[in-house]
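The structure comes first, then the text.

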Amino acid sequence: MFEGSYVALVTPFHEDGTVNFEKLKQLCNWHVENGTDGIVVLGTTGESSTTDHSEDAAVVRCVVDTVNHRIPVIAGGGSNSTETSLQKSRRFRDLGVDGLLLITPYYNKANQKGMYRHFLSVVDTVDLPAILYNVPGRTGCALSVDCVRELSRHKNIRGIKEASGDIGYCAKIAQFTNDEFELVSGNDNMIVPVLSLGGTGVISVFANICPRETHEMVAAWHAGDVKKARDMQIKYLDLINALFLEVNPIPVKEAMNMLGMEVGGYRLPLCEMEDANREKLRKALQAVALL
(Lines give C-alpha, C1' and ligand atoms only; values in the text may rest on other atoms or scores of the structure.)
Protein backbone atom coordinates (compact mmCIF):
# COMPACT_ATOMS: atom_id res chain seq x y z
CA MET A 1 0.00 0.00 0.00
CA PHE A 2 2.76 2.44 0.89
CA GLU A 3 4.95 2.10 -2.19
CA GLY A 4 6.38 5.32 -3.60
CA SER A 5 6.54 8.88 -2.34
CA TYR A 6 3.92 9.93 0.19
CA VAL A 7 4.19 13.62 0.99
CA ALA A 8 4.05 14.65 4.64
CA LEU A 9 1.87 17.60 3.71
CA VAL A 10 2.21 21.02 5.34
CA THR A 11 -0.89 22.80 6.58
CA PRO A 12 -1.02 26.24 4.93
CA PHE A 13 -2.16 29.17 7.06
CA HIS A 14 -3.50 32.64 6.37
CA GLU A 15 -1.73 35.63 7.89
CA ASP A 16 -4.13 35.49 10.87
CA GLY A 17 -3.18 31.87 11.55
CA THR A 18 -6.36 30.23 10.27
CA VAL A 19 -6.14 27.32 7.84
CA ASN A 20 -5.94 28.39 4.19
CA PHE A 21 -8.26 25.84 2.62
CA GLU A 22 -7.97 27.21 -0.91
CA LYS A 23 -4.21 26.80 -0.76
CA LEU A 24 -4.65 23.34 0.73
CA LYS A 25 -6.74 22.34 -2.29
CA GLN A 26 -4.12 23.77 -4.64
CA LEU A 27 -1.37 21.77 -2.93
CA CYS A 28 -3.36 18.54 -3.15
CA ASN A 29 -4.00 18.98 -6.87
CA TRP A 30 -0.37 19.96 -7.47
CA HIS A 31 0.85 16.78 -5.79
CA VAL A 32 -1.48 14.59 -7.82
CA GLU A 33 -0.32 16.29 -11.02
CA ASN A 34 3.37 15.93 -10.10
CA GLY A 35 3.52 12.24 -9.34
CA THR A 36 3.13 12.10 -5.57
CA ASP A 37 1.92 8.58 -4.75
CA GLY A 38 -0.03 9.45 -1.60
CA ILE A 39 -0.74 12.25 0.86
CA VAL A 40 -0.19 12.11 4.62
CA VAL A 41 -2.17 14.86 6.30
CA LEU A 42 -1.97 16.05 9.92
CA GLY A 43 1.41 14.53 10.66
CA THR A 44 4.29 16.35 12.31
CA THR A 45 4.84 18.43 9.16
CA GLY A 46 1.15 19.37 9.18
CA GLU A 47 1.52 20.99 12.64
CA SER A 48 -1.17 18.72 14.09
CA SER A 49 0.09 19.47 17.60
CA THR A 50 -1.40 22.97 17.35
CA THR A 51 -4.62 22.30 15.42
CA ASP A 52 -7.83 21.56 17.30
CA HIS A 53 -10.24 18.69 16.63
CA SER A 54 -12.65 20.74 14.53
CA GLU A 55 -9.79 22.00 12.38
CA ASP A 56 -8.45 18.45 12.03
CA ALA A 57 -11.80 17.26 10.71
CA ALA A 58 -12.09 20.21 8.32
CA VAL A 59 -8.56 19.67 6.97
CA VAL A 60 -9.12 15.94 6.43
CA ARG A 61 -12.48 16.56 4.77
CA CYS A 62 -10.90 19.12 2.43
CA VAL A 63 -8.04 16.81 1.43
CA VAL A 64 -10.25 13.75 0.95
CA ASP A 65 -12.77 15.67 -1.15
CA THR A 66 -10.09 17.37 -3.25
CA VAL A 67 -8.05 14.24 -3.92
CA ASN A 68 -11.26 12.31 -4.68
CA HIS A 69 -9.68 8.84 -4.72
CA ARG A 70 -6.95 9.76 -7.22
CA ILE A 71 -4.23 8.78 -4.74
CA PRO A 72 -4.43 7.43 -1.16
CA VAL A 73 -4.94 9.84 1.74
CA ILE A 74 -3.48 8.86 5.13
CA ALA A 75 -4.43 10.87 8.23
CA GLY A 76 -2.45 11.26 11.43
CA GLY A 77 -4.72 9.63 13.97
CA GLY A 78 -2.14 9.31 16.72
CA SER A 79 -2.02 10.83 20.19
CA ASN A 80 -0.38 10.24 23.54
CA SER A 81 -3.91 9.50 24.79
CA THR A 82 -5.31 6.20 23.55
CA GLU A 83 -8.89 7.45 23.86
CA THR A 84 -8.07 10.58 21.84
CA SER A 85 -6.39 8.47 19.19
CA LEU A 86 -9.52 6.30 19.00
CA GLN A 87 -11.78 9.33 18.65
CA LYS A 88 -9.63 10.89 15.93
CA SER A 89 -9.22 7.64 14.02
CA ARG A 90 -12.97 6.96 14.03
CA ARG A 91 -13.66 10.48 12.82
CA PHE A 92 -11.09 10.25 10.01
CA ARG A 93 -12.44 6.84 8.97
CA ASP A 94 -15.91 8.33 8.69
CA LEU A 95 -14.50 11.19 6.59
CA GLY A 96 -13.18 8.68 4.05
CA VAL A 97 -9.43 8.41 4.56
CA ASP A 98 -7.62 5.39 3.15
CA GLY A 99 -5.43 4.77 6.17
CA LEU A 100 -4.04 6.02 9.46
CA LEU A 101 -0.61 7.13 10.67
CA LEU A 102 -0.24 6.23 14.36
CA ILE A 103 2.61 7.78 16.32
CA THR A 104 4.08 6.29 19.48
CA PRO A 105 2.47 7.75 22.65
CA TYR A 106 4.81 10.67 23.28
CA TYR A 107 5.36 12.27 26.72
CA ASN A 108 3.70 9.40 28.61
CA LYS A 109 6.65 7.21 27.51
CA ALA A 110 4.80 3.96 28.14
CA ASN A 111 6.63 0.67 28.44
CA GLN A 112 6.47 -1.73 25.50
CA LYS A 113 3.40 -3.55 26.87
CA GLY A 114 1.59 -0.23 27.15
CA MET A 115 2.57 0.78 23.62
CA TYR A 116 1.42 -2.57 22.27
CA ARG A 117 -1.96 -2.21 23.96
CA HIS A 118 -2.23 1.42 22.83
CA PHE A 119 -1.87 0.52 19.14
CA LEU A 120 -4.08 -2.55 19.41
CA SER A 121 -6.87 -0.51 20.98
CA VAL A 122 -6.99 1.60 17.82
CA VAL A 123 -6.49 -1.02 15.11
CA ASP A 124 -8.88 -3.50 16.76
CA THR A 125 -11.59 -0.83 16.75
CA VAL A 126 -11.01 1.09 13.51
CA ASP A 127 -10.90 -1.21 10.50
CA LEU A 128 -8.46 0.74 8.34
CA PRO A 129 -4.88 0.07 7.19
CA ALA A 130 -2.54 1.69 9.70
CA ILE A 131 1.14 2.55 9.62
CA LEU A 132 3.10 2.82 12.86
CA TYR A 133 5.28 5.92 13.30
CA ASN A 134 8.58 5.51 15.15
CA VAL A 135 10.33 8.87 15.66
CA PRO A 136 12.06 8.82 19.07
CA GLY A 137 13.83 12.14 18.45
CA ARG A 138 10.44 13.87 18.60
CA THR A 139 8.52 11.66 21.00
CA GLY A 140 11.06 10.61 23.62
CA CYS A 141 10.06 6.96 23.23
CA ALA A 142 10.64 4.20 20.69
CA LEU A 143 9.17 0.91 19.60
CA SER A 144 11.34 -2.05 20.47
CA VAL A 145 12.19 -4.62 17.83
CA ASP A 146 10.09 -7.21 19.69
CA CYS A 147 7.11 -4.87 19.85
CA VAL A 148 7.33 -4.20 16.10
CA ARG A 149 7.45 -7.97 15.51
CA GLU A 150 4.25 -8.53 17.47
CA LEU A 151 2.40 -5.55 15.98
CA SER A 152 3.42 -6.51 12.43
CA ARG A 153 1.21 -9.60 12.72
CA HIS A 154 -2.02 -7.62 13.06
CA LYS A 155 -4.10 -7.54 9.89
CA ASN A 156 -4.72 -3.78 10.09
CA ILE A 157 -1.11 -2.78 10.79
CA ARG A 158 0.32 -2.53 7.31
CA GLY A 159 3.70 -0.96 7.90
CA ILE A 160 6.01 1.28 9.88
CA LYS A 161 7.32 4.76 9.16
CA GLU A 162 10.85 4.41 10.52
CA ALA A 163 12.33 7.79 11.43
CA SER A 164 14.85 6.97 14.15
CA GLY A 165 17.80 7.62 11.85
CA ASP A 166 19.35 4.38 13.09
CA ILE A 167 20.08 2.16 10.10
CA GLY A 168 20.96 -0.73 12.40
CA TYR A 169 17.52 -0.65 14.01
CA CYS A 170 16.00 -0.34 10.55
CA ALA A 171 17.81 -3.48 9.44
CA LYS A 172 16.49 -5.39 12.46
CA ILE A 173 12.85 -4.55 11.80
CA ALA A 174 13.27 -5.13 8.05
CA GLN A 175 13.17 -8.86 8.77
CA PHE A 176 9.44 -8.54 9.52
CA THR A 177 8.52 -7.03 6.17
CA ASN A 178 6.33 -8.87 3.70
CA ASP A 179 3.37 -8.13 1.43
CA GLU A 180 1.27 -7.32 4.50
CA PHE A 181 3.79 -5.23 6.48
CA GLU A 182 5.90 -2.60 4.76
CA LEU A 183 8.94 -0.59 5.80
CA VAL A 184 8.76 3.10 4.88
CA SER A 185 11.53 5.66 5.33
CA GLY A 186 10.67 8.59 7.56
CA ASN A 187 13.96 10.32 6.82
CA ASP A 188 14.58 11.98 3.46
CA ASN A 189 18.34 11.60 3.84
CA MET A 190 17.91 7.81 4.07
CA ILE A 191 15.42 7.03 1.31
CA VAL A 192 17.75 4.84 -0.76
CA PRO A 193 19.39 3.12 2.24
CA VAL A 194 15.96 2.11 3.54
CA LEU A 195 14.87 0.94 0.09
CA SER A 196 18.00 -1.22 0.00
CA LEU A 197 16.77 -3.01 3.14
CA GLY A 198 13.45 -3.84 1.51
CA GLY A 199 11.65 -0.56 2.08
CA THR A 200 8.78 0.32 -0.23
CA GLY A 201 8.88 4.11 -0.11
CA VAL A 202 9.10 7.28 1.93
CA ILE A 203 6.82 9.63 3.83
CA SER A 204 8.63 12.76 2.78
CA VAL A 205 9.09 16.36 3.88
CA PHE A 206 11.28 16.98 0.81
CA ALA A 207 8.34 16.07 -1.45
CA ASN A 208 6.62 19.30 -0.40
CA ILE A 209 9.02 21.15 -2.69
CA CYS A 210 10.19 18.36 -5.04
CA PRO A 211 7.33 15.92 -5.52
CA ARG A 212 8.36 14.73 -8.96
CA GLU A 213 11.96 14.16 -7.92
CA THR A 214 11.01 12.23 -4.78
CA HIS A 215 8.64 10.01 -6.75
CA GLU A 216 11.29 9.38 -9.42
CA MET A 217 13.93 8.46 -6.85
CA VAL A 218 11.76 5.72 -5.40
CA ALA A 219 10.44 4.62 -8.80
CA ALA A 220 13.99 4.32 -10.15
CA TRP A 221 14.94 2.00 -7.31
CA HIS A 222 11.92 -0.22 -7.84
CA ALA A 223 12.63 -0.30 -11.58
CA GLY A 224 16.12 -1.62 -10.86
CA ASP A 225 17.95 1.61 -11.72
CA VAL A 226 20.02 1.73 -8.54
CA LYS A 227 22.46 4.27 -9.97
CA LYS A 228 19.74 6.80 -10.78
CA ALA A 229 18.17 6.44 -7.33
CA ARG A 230 21.54 6.76 -5.62
CA ASP A 231 22.58 9.74 -7.73
CA MET A 232 19.32 11.55 -6.96
CA GLN A 233 19.71 10.89 -3.24
CA ILE A 234 23.19 12.37 -3.32
CA LYS A 235 22.24 15.30 -5.59
CA TYR A 236 19.56 16.54 -3.22
CA LEU A 237 21.25 15.59 0.05
CA ASP A 238 22.46 19.09 0.93
CA LEU A 239 19.00 20.52 0.32
CA ILE A 240 17.38 17.73 2.32
CA ASN A 241 19.73 18.46 5.21
CA ALA A 242 18.94 22.18 4.92
CA LEU A 243 15.25 21.36 5.37
CA PHE A 244 16.15 20.22 8.88
CA LEU A 245 18.42 23.10 9.93
CA GLU A 246 15.64 23.94 12.37
CA VAL A 247 12.76 21.86 13.62
CA ASN A 248 10.38 20.61 10.95
CA PRO A 249 8.24 22.17 9.41
CA ILE A 250 9.88 25.57 9.83
CA PRO A 251 12.48 25.17 7.03
CA VAL A 252 10.20 23.44 4.52
CA LYS A 253 7.53 26.11 4.87
CA GLU A 254 10.23 28.76 4.50
CA ALA A 255 11.47 27.01 1.35
CA MET A 256 7.96 26.79 -0.08
CA ASN A 257 7.44 30.49 0.53
CA MET A 258 10.79 31.28 -1.12
CA LEU A 259 9.54 29.33 -4.13
CA GLY A 260 6.37 31.43 -4.29
CA MET A 261 4.02 28.76 -2.94
CA GLU A 262 2.58 31.11 -0.27
CA VAL A 263 1.81 28.57 2.44
CA GLY A 264 2.00 31.12 5.24
CA GLY A 265 3.65 30.93 8.61
CA TYR A 266 3.44 28.83 11.75
CA ARG A 267 1.63 28.52 15.01
CA LEU A 268 3.51 29.23 18.23
CA PRO A 269 5.70 27.91 19.66
CA LEU A 270 7.04 27.52 16.11
CA CYS A 271 8.14 30.79 14.53
CA GLU A 272 10.27 32.26 11.75
CA MET A 273 13.64 30.80 10.82
CA GLU A 274 16.84 32.39 12.08
CA ASP A 275 18.41 34.66 9.45
CA ALA A 276 21.63 32.67 9.16
CA ASN A 277 19.76 29.42 8.63
CA ARG A 278 17.42 31.05 6.14
CA GLU A 279 20.41 32.07 4.05
CA LYS A 280 21.83 28.54 4.15
CA LEU A 281 18.48 27.22 2.97
CA ARG A 282 18.36 29.76 0.16
CA LYS A 283 21.82 28.70 -1.04
CA ALA A 284 20.81 25.03 -0.94
CA LEU A 285 17.79 25.78 -3.13
CA GLN A 286 19.99 27.74 -5.53
CA ALA A 287 22.55 24.92 -5.72
CA VAL A 288 19.97 22.61 -7.33
CA ALA A 289 18.54 25.40 -9.51
CA LEU A 290 15.21 25.68 -7.70
CA LEU A 291 15.88 29.37 -7.08
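A pocket here is an open set of grid points where a 1.4 Å probe fits, with protein on both sides within 12 Å along at least five of seven lines. The model is predicted.

The largest pocket holds about 600 Å³ of space. It is lined by 28 residues, and Thr44, Ser48, Ser49, Ile103 and Tyr106 are the closest to its centre. Helix 2 (53–67), helix 3 (82–95), strand 4 (99–103) and helix 5 (136–139) each give two or more residues to this lining. Strand 4 supplies the largest share, three residues.

The second largest pocket has a volume of about 390 Å³. Its lining counts 25 residues; nearest the centre lie Val135, Ala163, Gly186, Asn187 and Phe244. Helix 5 and helix 11 (237–242) are the elements that give two or more residues here.

The linings divide by class as follows.

**Helix 12 and helix 13**

Two packed helices are described by the angle and the distance between their axes. The axes of helix 12 (residues 250–258) and helix 13 (residues 275–287) come within 10 Å and cross at roughly 60 degrees. The two helices are therefore oblique to each other. The crossing of helix 12 past helix 13 is right-handed.

Which residues meet? Helix 12 brings Pro251, Glu254, Ala255 and Met258, and helix 13 brings Arg278, Leu281, Arg282 and Leu285. By class, this contact has five nonpolar, no polar and three charged residues.

Notes
Residues numbered from 1 in each chain as written. Predicted model: local features only at pLDDT ≥ 70, side-chain atom pairs only at ≥ 80, totals over all residues. Heavy atoms only, no water. Axes fitted to C-alpha atoms, helices over the stretch in contact; angles between N-to-C directions. Helix = DSSP H or I, 4+ residues; strand = E, 2+ residues; numbered from the N terminus. Parallel < 35°, antiparallel > 145°, perpendicular 65-115°, else oblique. Left-handed = near helix turned anticlockwise from the far one by under 90°. Contact = heavy atoms within 4.5 Å. Nonpolar A, V, L, I, M, F, W, Y, C, P; charged D, E, K, R; others polar. 1 Å grid on protein atoms, 1.4 Å probe; cavity = no way out; pocket = protein on both sides within 12 Å on 5 of 7 lines; lining within 4 Å. Points joined across faces, edges and corners; volume = space filled by probe spheres on them.
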